[in-house]
Amino acid sequence: MTVPLIERFRDRLPVSRSTPVVSLGEGSTPLLRADRLADAVGIRELWLKWEASNPTGSYKDRGMTVAVSKALEQGAEAVLCASTGNTAGSAAAYAARAGLPALVRTPHGAVAGAKLAQSRMLGATVLEVEGSFDDALRAAQELADRGSHVLVNSLNPHRREGQKTAVLEIVEELGGAPDAFVLPYGGGGNTSSYAQALTELGLETPLVSVEAADRRETLATAIRIGDPVHAASVRAAGARVLEAGDDELVRAWRALAEEEGLFCEPSSAAGLVAVLRGDVDGDRLVVTITGHGLKDPAVADRLAPPPTLVVADPDAIAEAGAAGRRKQERTA
Ligand code: F0G
């Protein structure tokens with residue numbers, strides 16, 4: 001039977017026997033060795049924490065199971081978040097599971113369609129904001145301050161408690177700390193959570209957080225955040241913050257797909273940019289891949305090779321396949 005994240009890490013989370021556990025089978029995600037990319041960079045071990053295999057397709061579920069369980073325990077009437085899409089999908093799913101209404105605020109025109117469809121299908125009320133994610137978050141915070149809705153953004157400490165479990169899993173599975181943890185940096189909630197886990201474990205492993213060079217305009221809409229709300233705690237944690245340009249993001253994102261078979265969303269490849277550039281010291285690195293490619297297929301649709309139309313004839317199919325292989329060899 002699937003072990004809920006809250007049960008696996010009960011002794012490290014703020015829950016008691018009377019906390020209702022709202023779970024969709026989150027956490028315990030694959031830690032995959034990526035030898036081809038490791039060879040390309042010239043390091044001994046590169047590990048990918050594949051957070052896309054969480055129930056709603058992103059790492060948010062780790063925090064959401066704790067936040068929504070605690071909201072239910074506290075008698076919340078509803079949950080509320082601002083989101084570039086993934087928090088929304090996760091909040092919608094866990095709220096539905098808990099039998100609570102979910103209200104999600106998203107920046108109009110800046111959220112991948114599949115993420116909106118996910119939230120809508122899961123019964124959340126989706127309210128678009130004429131403005132940025134930062135505007136949406138401010139408004140959500142103000143409403144939450146009135147008391148009827150529990151904010152389930154990463155400002156909610158229960159979210160961060162849940163998200164720290166990725167580090168616990170990695171350290172447990174590797175039998176110790178890697179030389180560095182590398183992850184994308186949007187609002188910084190996940191970096192803060194990782195830092196919290198390291199403190200609790202008594203580890204001083206370097207954290208490398210990679211943000212979009214152009215925060216307000218990046219094609220990686222999941223991390224299109226102007227003012228990271230956790231900037232101060234990211235600094236206090238001593239995380240090294242690096243930038244990735246959109247062209248670099250796309251290259252890393254494609255490399256992950258073509259070299260290792262992992263289709264993530266563009267924002268999720270941010271950490272890999274720093275590793276591929278050789279900016280991260282160490283011979284055993286862990287890169288967190290935060291969300292699934294199927295959540296944001298528009299960029300893939302624009303950039304990946306189009307399908308070839310062939311007649312239903314075995315020779316024509318074989319010839320088209322051979323042409324594809326020749327093209328691959330030329331670009332290798
Ligand atoms: N990767 C993905 C796939 C995300 O959706 C986000 C943030 C991040 C990375 C950045 O993580 O904010 O903890 O530094 N998504 C939020 C959302 C903003 O609303 O879904 P962070």
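Student: Hi! How do the residues of the shell around the ligand divide into nonpolar, polar and charged?
Tutor: Hi! In this predicted model, the shell holds 14 polar residues, 6 nonpolar ones and 2 charged ones.

Student: Which of the 22 residues around the ligand come nearest?
Tutor: Those are Tyr59, Ser83, Gly187, Gly188 and Thr290.

Student: Okay, what does the side chain of serine 83 do there?
Tutor: An N or O atom in the serine 83 side chain lies 2.7 Å from an oxygen atom of the ligand.

Student: And which polar backbone atoms have a ligand oxygen at a listed distance?
Tutor: One belongs to asparagine 190, at 2.8 Å from an oxygen atom of the ligand. Glycine 189 has a polar backbone atom 3.3 Å from a ligand oxygen.

Student: How much of the ligand's accessible area does the protein cover?
Tutor: On its own the ligand has 480 Å² of accessible area, and the protein covers 97% of that. The space the ligand takes up is the largest cavity.

Student: Which helices each supply at least two residues of the shell?
Tutor: Helix H4 (86-98) does, and so does helix H9 (189-201).

Student: New topic: where is arginine 215?
Tutor: Arginine 215 sits in the loop between strand S8 (207-212) and helix H10 (231-236).

Student: Is arginine 215 buried or exposed?
Tutor: Buried, because its relative accessible area is 10%, and the cut-off for buried is under 20%.

Student: Which backbone oxygens lie by its side chain, then?
Tutor: The backbone oxygen of glycine 186 is 2.9 Å from a polar atom of the arginine 215 side chain. For the backbone oxygen of tyrosine 185, the distance to a polar atom of that side chain is 3.4 Å.

Terms used: Residues are numbered from 1 along each chain as its sequence is written. This is a predicted model: local features need pLDDT of at least 70, side-chain atom pairs count only at pLDDT 80 or more; totals for chains, interfaces and linings use all residues. Side-chain values use heavy atoms; hydrogens and water are left out. A residue is near a molecule or strand if one of its heavy atoms lies within 4 Å of it. A polar contact is a pair of N or O atoms within 3.5 Å; within protein, one must be able to donate a hydrogen and the other to accept it, and residues adjacent in sequence count only if both atoms are side-chain atoms. Accessible areas come from the Shrake-Rupley method with a 1.4 Å probe; for residues, only the protein chains shown count as cover. On a 1 Å grid over the protein atoms alone, a cavity is a set of points where a 1.4 Å probe fits but cannot get out, and a pocket is an open set with protein on both sides within 12 Å along at least five of seven lines; lining residues have an atom within 4 Å of a point. A molecule sits in a cavity or pocket if more than half of its atoms lie within 2 Å of its grid points. Helices (H or I, at least four residues) and strands (E, at least two) are DSSP runs, numbered from the N terminus. Ala, Val, Leu, Ile, Met, Phe, Trp, Tyr, Cys and Pro count as nonpolar, Asp, Glu, Lys and Arg as charged, and the others, Gly among them, as polar. Buried means under 20% relative accessible area, exposed over 50%, partly exposed in between (1.4 Å probe, protein chains only).
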